[in-house]
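Dear colleague,

I am passing on a structure that you have not worked with before. Please look through it first, and then read the notes below it.

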Amino acid sequence: MAQLYYPLLRNRIRQIISGNYGPQKCRFGQGIRVQINQKTKLPEPRNHNGIDLEANEGTAVFSITDGYLYWRNSRQSGFGLELVLEFEYGGTTLYAQYAHLQSISVAIQSEQGLVFYAGRDTDFCTGYRPLGSVMGRDMIGFTGSSGNARGLPKIEEHLHFGIAKGMSEVLTGWIDPEQVLRRIPG
Ligand SMILES: [Zn+2]
């Protein structure tokens with residue numbers, strides 16, 4: 001089985017999260033977050049489909065293993081600028097999602113040699129677009145506060161990292177990243 005690495009050099013679950021309804025959890029879970037229902041104006045539980053790792057804007061992110069990289073920057077999704085790594089794990093294909101990025105910065109090995117891709121959180125595209133193959137521990141971009149992380153106080157800046165079992169228009173079948181990587185302090 002391919003070796004797995006963490007997405008950052010220093011990996012720690014973020015501790016502080018503000019919001020109108022008190023502290024919210026930064027690990028993976030069903031119904032652990034709160035949001036306002038726009039019709040009833042009442043708070044409702046919602047899922048957190050990933051983990052939040054402490055990372056000030058501009059922190060380098062790395063490929064967790066060998067795989068194939070895609071990017072998306074949808075105005076609707078809330079994830080902002082994303083990278084998604086398709087990889088094999090225990091005989092199945094999984095998709096690792098890096099969300100709220102500031103920029104993409106990755107060198108892809110191709111038949112023409114190394115091709116460098118750079119993209120900003122102001123470059124939008126709705127569907128997932130292919131970039132190419134990367135290896136574990138390759139640097140692929142930098143964290144930011146794009147999508148619904150826009151405007152967070154500096155102490156709350158983070159990388160949202162998810163793992164899904166399927167990818168079509170959107171990622172589907174979220175699983176706990178800490179079941180695939182080892183548990184992360186925080
Ligand atoms: Zn998150």
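Residues are numbered from 1 along each chain as its sequence is written. This is a predicted model, in which local features need pLDDT of at least 70 and side-chain atom pairs count only at pLDDT 80 or more, while totals for chains, interfaces and linings use all residues.

The UniProt record, an unreviewed entry, places the feature "domain: M23ase beta-sheet core" at residues 47-107; UniProt positions are given in the numbering used here, feature names are shortened, and annotations may be inferred rather than shown by experiment. This span is 67% strand and 0% helix, with its end C-alpha atoms 34 Å apart (helices, H or I of at least four residues, and strands, E of at least two, are DSSP runs numbered from the N terminus).

Strand S7 (residues 92-110) pairs with S8 in the antiparallel sense over eight bridges, where pairing requires that DSSP finds at least two bridges between two strands. A hairpin of two residues joins S7 to S8, and Ser103 has Arg120 of S8 as its bridge partner. Strand S8 (residues 113-120) lies largely in the open, because zero of its eight residues are buried (buried means 20 or more other C-beta atoms within 10 Å of a residue's own, exposed 12 or fewer, and partly exposed in between, with C-beta atoms placed from the backbone).

Ala60 lies in strand S4 (residues 60-62) and counts as partly exposed, because it has 14 C-beta neighbours inside 10 Å. Leaving aside neighbours within four places in sequence, Ala60 is in contact with Leu9, Met139 and Phe142, contact meaning that the C-beta atoms, placed from the backbone, lie within 7 Å.

Best regards

Methods. Two residues are in contact if their C-beta atoms, placed from the backbone, lie within 7 Å.
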